[in-house]
Amino acid sequence: MPSLLELLRPDRRLALHLPVHGRGAALPPLMQRLLRQSPGSWDLPELPEIGGPLESHGAVATSQARLAEAMGVDHCWFGVNGATGLLQAGLLAMAQPGEAVLLPRNAHRSLIAACELGGVMPVFLPVPFFADRGHAGAMTAEGLRQSLAPWPDPGRPIAGAVLVHPTYHGYSAEIVELIELLHSRGFPVMVDEAHGTHLAFNAEQDSPVSALVAGADLVVHSLHKSAPGLAQTAVLWHRSQRLDHERVQRSLARLQTTSPSSLLLASCETTLDWLLSSRWTSLFEARRHQANQLIHALREQGVLFHPSDDPLRLVLATGQLGVSGLDADEFCMRQGVIAELPEPLCLTFCLGFARHRGLAKRLQRIWQALAREGDGVPLPVIPDPPLQSTSIPELTPDEAQRLPHCVRPLAECADQIAAELICPYPPGVPLLVPGERISAERSQWLQSQHHRWPVQVPGMVKVLA
């Protein structure tokens with residue numbers, strides 16, 4: 001087994017995965033220039049002239065104030081613990097211990113962890129499910145209206161709501177209508193836009209709207225999942241009309257390191273400045289055009305994709321060939337192509353912002369080889385999970401994990417309360433959350449997931465004793 005250091009050296013394999021800078025090829029020019037300088041010159045502490053995300057003075061504070069003004073919001077904070085840390089800080093700023101928060105069923109596991117940390121009850125709202133792909137779609141305004149009628153009663157105040165836009169696969173929510181509906185109910189809204197950072201810096205009329213434009217109170221952008229920053233970089237944007245600045249600042253202070261990496265902070269600043277430049281607009285449109293051309297060329301050759309709202313995310317329909325996306329992923333790795341997300345019925349590639357010459361022919365050859373591997377009989381669809389209505393766990397996630405538990409086979413878990421998270425990663429969308437009661441239908445559905453996804457979905461689960 002090679003060492004970690006060896007694995008970080010230049011690699012000839014094609015990187016169709018995150019981070020989207022393509023192993024450095026699409027990093028902002030100023031960041032590329034910095035990384036060519038003396039090794040370690042950028043590894044600095046919070047010197048007075050540098051400061052940090054929570055300091056009132058220094059270069060970081062100046063950059064954050066300047067960028068907040070440029071984006072038309074009240075505050076912004078750079079994050080060096082990825083979108084994860086900023087999502088958690090945002091949720092804990094909205095909801096206090098003993099309160100509840102509305103979460104879409106496709107919320108990231110980091111938000112469940114925040115509920116655990118803060119003693120917050122998640123109230124889950126259903127999202128569409130694509131049986132032919134085996135994963136969740138994006139929330140619609142009509143779906144949210146139906147979810148809130150009758151009004152869910154978790155037995156405690158509901159402090160706010162979180163939305164996901166777009167999803168890991170690039171499906172866009174009806175974000176303007178969703179935010180308006182939740183604001184009309186008096187809720188502050190945080191949007192996990194980790195996979196849609198580029199939407200806030202794109203002027204194209206046919207592109208989905210960013211949650212920043214739609215008026216969200218908090219928006220979390222990853223700067224490596226959908227912008228060309230270094231891994232672990234992110235930004236939190238804040239409008240203070242419905243959520244107090246000091247609450248957000250205190251929440252960030254609880255979760256952020258006191259020794260942030262100066263390199264990662266510089267990547268936040270440089271990436272955002274690059275996204276605001278005219279050169280970025282030209283580069284992004286070129287990559288978007290190339291992606292659409294690639295999709296058209298591959299479809300002409302019979303390659304099957306599931307439609308997405310983001311042409312930079314290609315969802316290959318391997319299940320139509322009779323081939324699991326998990327097996328297709330292993331095959332691609334052997335062919336020198338690293339995908340982003342394997343699932344039982346599909347394989348998602350992230351094109352990112354680097355240019356990939358000859359990619360159409362390469363993917364066409366892979367598809368033809370996979371067709372020879374499969375039997376041509378499409379794999380059975382994955383039935384909708386029994387989660388098509390608003391659901392409230394019987395215990396908060398932190399309560400469930402503190403109580404005595406035992407381990408049982410999924411087949412014996414009907415009517416038991418879960419004491420652990422079941423969550424394939426990526427994409428990090430929980431299938432079961434601590435504190436939820438497992439119905440017989442849920443138990444059967446989870447068993448079917450285990451048979452298709454035996455490593456990611458365990459056959460044994462912790463339940464309360």
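Visitor: How many aromatic pairs does the count come to?

Guide: A pair of aromatic rings is described by the distance of the centres and the angle of the planes. Rings of Phe, Tyr and Trp (its six-membered ring) pair if their centres lie within 6.5 Å; planes under 30 degrees apart count as stacked, over 60 as edge-to-face and the rest as tilted. By this rule there are 7 aromatic pairs. One of them joins Phe129 and Trp445, which are edge-to-face, with 6.4 Å from centre to centre and 75 degrees between the planes. This is a predicted model: local features need pLDDT of at least 70, side-chain atom pairs count only at pLDDT 80 or more, and totals for chains, interfaces and linings use all residues. Residues are numbered from 1 along each chain as its sequence is written, and side-chain values use heavy atoms, with hydrogens and water left out.

Visitor: Which parts does the pair of Phe129 and Trp445 tie together?

Guide: Helices (H or I, at least four residues) and strands (E, at least two) are DSSP runs, numbered from the N terminus. Phe129 belongs to strand β5 (residues 129-130) and Trp445 to helix α15 (residues 440-452), so the pair ties together parts 316 residues apart in sequence.

Visitor: Is Phe129 buried or exposed?

Guide: Buried means under 20% relative accessible area, exposed over 50%, and partly exposed in between (1.4 Å probe, protein chains only). Phe129 is buried, at 16% relative accessibility, and Trp445 is buried too, at 6%.

Visitor: Which residues do ring pairs link into a cluster?

Guide: The cluster consists of Trp274, Trp280, Phe284 and Phe353.

Visitor: Where does the charged end of Arg105 sit?

Guide: A charge sits over a ring if NZ of Lys or CZ of Arg is within 6 Å of the ring centre and within 35 degrees of the ring normal. The charged end of Arg105 is over the ring of Phe124, 4.1 Å from its centre. Arg133 lies over the face of Phe130, with 4.0 Å to the ring centre.

Visitor: How many disulfides does the count come to?

Guide: A disulfide is a covalent bond between the sulfur atoms of two cysteines. The rule asks for a pair of cysteine sulfur atoms within 2.5 Å, and the count is 0 disulfides. Cys115 is in none, as the nearest cysteine sulfur, that of Cys423, is 13 Å away. Cys115 is buried, with a relative accessible area of 0%.
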